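Biologist: Please put the model up on the screen, and then I will ask my questions as they come.

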Amino acid sequence: KNKGLQVENLFMQSGSHFAERLQQQREKTQVLASKLVAMNPENILAKGYSITSDSCQMVIKDAATLAADENVNIRFARGSIAAKIIKE
């Protein structure tokens with residue numbers, strides 16, 4: 001009889017522990033999902049930013065890497081446009 005109560009208590013404790021760990025994992029997943037949404041380039045573009053790339057489709061991070069008459073592509077939240085650098 002006493003062993004049965006011990007087994008039942010252990011079973012209830014393990015179920016409670018499992019539920020707690022599951023909730024912690026859900027919370028972690030929600031935090032990570034929020035971070036992914038915030039870092040999504042599409043969402044950043046929707047805020048008014050643009051992404052400029054060179055003719056090799058490499059993102060331009062430094063204006064000093066561009067030369068006069070170089071062609072670039074500017075991507076916006078809705079659409080993109082080709083442009084040419086007019087001066088260094």
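Biologist: In which sense do β1 and β2 pair, and over how many bridges?
Modeller: β1 and β2 pair in the antiparallel sense, over 3 bridges. Strands here are DSSP runs of E with at least two residues, helices are runs of H or I with at least four, and both are numbered from the N terminus; two strands count as paired if DSSP finds at least two bridges between them. Before we go on, please keep in mind that this is a predicted model, in which local features need pLDDT of at least 70 and side-chain atom pairs count only at pLDDT 80 or more, while totals for chains, interfaces and linings use all residues. Residues are numbered from 1 along each chain as its sequence is written, and side-chain values use heavy atoms, with hydrogens and water left out.

Biologist: OK, and which residue of β2 stands opposite Ser53?
Modeller: Ser53, which lies in strand β1, stands opposite Asn73 in β2.

Biologist: Is Ser53 buried or exposed?
Modeller: Ser53 has 7% relative accessibility and therefore counts as buried; the cut-offs are under 20% relative accessible area for buried, over 50% for exposed and partly exposed in between, with a 1.4 Å probe and protein chains only. Apart from neighbours within four places in sequence, Ser53 is in contact (heavy atoms within 4.5 Å) with Met58, Val59, Ile60, Val72 and Asn73.

Biologist: What does the sheet look like as a whole, and what is the strand order?
Modeller: The sheet is open, with 3 strands in the order β1-β2-β3 and antiparallel pairing. Its edge strands are β1, residues 51-53, and β3, each of which pairs on one side only. From one strand to the next the twist averages 25°, taken between N-to-C directions of axes that are lines fitted to C-alpha atoms (for helices over the stretch in contact), on a scale from 0 to 180 degrees.

Biologist: How many bridges join β2 and β3, then?
Modeller: Strand β2 (residues 71-75) and strand β3 (residues 80-84) are joined in the antiparallel sense over 5 bridges. They form a hairpin with 4 residues between them, and Gly79 in the turn has a positive phi of about 100°.

Biologist: Which residues of β2 are on its covered face, and which on the uncovered one?
Modeller: Val72 and Ile74 make up the covered face of β2, whereas Asn71, Asn73 and Arg75 make up the uncovered one. In general, side chains in a regular strand alternate between the two faces of the sheet.

Biologist: Last one: why is the protein chain described as more spread out than a compact globule?
Modeller: The elements run α-α-β-β-β from the N terminus on. The radius of gyration is 27 Å, well over the 12 Å that the globule rule gives for 88 residues, so the protein chain is more spread out than a compact globule; the radius is taken over C-alpha atoms, and the rule is 2.2 Å times the number of residues to the power 0.38. Along its principal axes the C-alpha trace spans about 90 × 25 × 15 Å, and buried residues make up 9% of the 88 residues.
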